[in-house]
Structures are given as C-alpha cells and as structure tokens.
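Here is a brief report on one predicted model. Please read it alongside the sequence and the coordinates.

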Amino acid sequence: RITKIKTTCLLVFATIIAIGGYWAHVRESLFERDKRLLMSAVVSAQASAIERRLAHSLSSTYILAQELKRNKGVFENFESYAADVIRSTEGVSNLQLAPNGIVRQIYPLVGNEKALGHNILRDDRRKQEAQQAVTERRLTLAGPLELLKGGIAVIGRNPVFLERGGRQKFWGFTSALIILDDLLAATELEALQKQGYSYQLSR
C-alpha cells in the first residue's frame with residue numbers, strides 16, 4: 001500500500017510538472033505570437049508612413065509635368081514656380097527639369113550646380129531606372145544614392161511626353177530629389193531605435 005501511494009504521488013507530481021511545463025510553453029508561444037503581431041503592426045505603420053510621405057513628395061513631378069504639357073514644353077519662371085511647389089509638397093530637397101534626359105534647370109541651384117548638364121540616360125549608375133521610366137512611361141524611383149555634397153537621397157523621375165504632329169514624343173524628365181533623412185522624419189523609426197529596435201529599409 002505504501003509503495004502504491006508513493007507511485008501515485010510520483011505520478012501526480014509528474015503530471016503536475018508536465019502540465020506546468022505545457023502551460024509555460026503555451027504561455028511563451030502566445031507571448032512570442034503577440035510580440036510578432038505587435039512588431040508586424042509597427043512595421044506596417046512605419047512603412048505606410050514612408051509610402052504616404054513619398055507619394056506626397058513625388059506628386060511634385062506630376063505638377064511640373066502638367067505645367068510643361070500646358071505650355072507645350074516651355075517652362076517660364078521655373079524658379080518661382082518650383083519654389084511654390086516645394087513649399088506645398090514637404091520633403092522635397094530640389095526639383096529638376098531634364099529635357100532629353102539632360103539636367104538643365106534645378107531649384108534651388110545653390111549647392112546643386114554640379115548636377116547641371118548631367119545626362120541621366122547615359123550615367124551607368126542611374127540610367128537603368130531612367131530608361132525604364134521612358135520605356136514604361138511611368139515614374140520610377142532611383143536610389144538610394146550617395147550625394148556629392150553628402151547625404152543619402154532617392155530621386156523620382158517622371159517621363160514627360162508631348163504631342164507633336166499627332167504623336168507622343170519624349171520631352172524629358174521632371175525630377176524630385178528627396179533626402180532620406182527627411183523622408184524618415186515622417187516616421188517613428190528614430191524613437192523606436194532609441195528603444196532598442198533596429199530596422200532595415202528595402203525597395
């Protein structure tokens with residue numbers, strides 16, 4: 001009888017340990033699942049914030065393109081017009097006009113002089129996205145690129161086609177340069193970093 005009691009006690013003890021271990025495992029799994037769900041929500045929120053800011057900034061290239069089409073390829077008072085566009089679309093560092101793929105006008109020009117005369121369609125580092133934009137007739141995003149003056153940026157290039165002689169002909173690009181730090185300022189990534197999180201951006 002004593003042996004039977006001991007055996008029963010051991011079985012009960014083992015059962016309690018097993019149940020405890022099982023619940024600990026379940027609790028840990030639920031905790032990990034909750035953490036993953038929370039992180040997924042955080043990532044989605046930050047990605048959405050970047051997309052919204054980027055879409056808003058890149059709308060500036062469409063505004064310039066519409067003005068070019070309205071004036072049949074002539075852009076008068078580009079500087080004052082570009083200044084107004086930059087004020088109304090946050091996050092844009094500079095705007096560019098590149099007829100035939102060659103950068104001819106930039107606002108603001110100060111600090112960006114080296115980009116004048118740059119042939120986008122022949123630059124080995126940047127021509128892929130530019131040629132794709134022309135072929136597919138849609139805005140493309142180039143970068144991230146290291147700028148000569150320092151910093152990392154992305155460039156949205158919008159191909160402009162004008163009707164000439166009953167045909168759509170390539171005029172050039174309207175472009176917007178967006179500093180990566182300015183783009184990320186619309187997110188909470190910096191605050192998350194301070195809390196110990198790390199992140200990686202991808203296209």
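## Salt bridges

Arg-70 is exposed, because its relative accessibility of 58% lies over the 50% cut-off. Its salt-bridge partner is Glu-67, with the closest N and O atoms 2.8 Å apart. Glu-67 is buried, at 12% relative accessibility. Both residues belong to helix 1 (residues 2-70). They are 3 residues apart there, so about one helical turn separates them.

The model, which is predicted, holds 4 salt bridges. Another one links Glu-190 and Lys-194, where the closest N and O atoms are 3.9 Å apart. This pair sits in helix 5 (residues 189-194), 4 residues apart, so the spacing is again about one helical turn. Glu-190 is exposed at 57% relative accessibility. Lys-194 is exposed too, with a relative accessible area of 69%.

Arg-138 and Glu-136 also form a salt bridge, and their closest N and O atoms are 2.5 Å apart. Arg-138 is partly exposed, with a relative accessible area of 39%. Glu-136 is partly exposed as well, at 41%.

An open sheet is built from 5 strands in the order 2-1-5-4-3, with antiparallel pairing. Strand 2 (105-107) and strand 3 (140-146) are the edge strands. Each has a single partner strand, so one side of each lacks a neighbour in the sheet. From one strand to the next, the twist averages 20°.

Helix 3 (residues 127-136) packs on this sheet. The helix touches strand 3, strand 4 and strand 5, and its direction makes about 170° with that of strand 3.

## Strand pairing

Strand 1 pairs with strand 2 over 3 bridges, in the antiparallel sense. Gln-96 stands opposite Ile-106 of strand 2. On to strand 5: strand 1 (residues 94-99) and strand 5 (residues 167-179) are joined by 6 bridges and run antiparallel. Asn-94 faces Leu-177 of strand 5 across this pairing.

Strand 4 (residues 152-164) and strand 5 are antiparallel, with 12 bridges between them. Val-160 stands opposite Gly-172 in strand 5, and Phe-161 has Phe-170 of strand 5 as its bridge partner. The hairpin of these strands has 2 residues between them, and Gly-165 takes a positive phi near 60°.

Glu-146 has Ile-152 of strand 4 as its bridge partner. How many residues of strand 4 are buried? The count is 10 of 13, so the strand is largely enclosed by the rest of the structure.

## Aromatic contacts

The whole structure contains 4 aromatic pairs. One of them joins Phe-75 and Phe-78, with ring centres 5.5 Å apart. Their planes lie at 85°, so the pair is edge-to-face. Phe-75 and Phe-78 are both buried. Together with Tyr-81, they form one aromatic cluster.

A charged side chain meets a ring elsewhere. Arg-137 lies over the face of Phe-161, at 4.0 Å from the ring centre.

Conventions
Residues are numbered from 1 along each chain as its sequence is written. This is a predicted model: local features need pLDDT of at least 70, side-chain atom pairs count only at pLDDT 80 or more; totals for chains, interfaces and linings use all residues. Side-chain values use heavy atoms; hydrogens and water are left out. Two strands pair if DSSP finds at least two bridges between them. Axes are lines fitted to C-alpha atoms, for helices over the stretch in contact, and angles run from 0 to 180 degrees between N-to-C directions. Contact means heavy atoms within 4.5 Å. Rings of Phe, Tyr and Trp (its six-membered ring) pair if their centres lie within 6.5 Å; planes under 30 degrees apart count as stacked, over 60 as edge-to-face and the rest as tilted. Buried means under 20% relative accessible area, exposed over 50%, partly exposed in between (1.4 Å probe, protein chains only). A charge sits over a ring if NZ of Lys or CZ of Arg is within 6 Å of the ring centre and within 35 degrees of the ring normal. A salt bridge is a side-chain nitrogen of Lys or Arg within 4 Å of a carboxyl oxygen of Asp or Glu.
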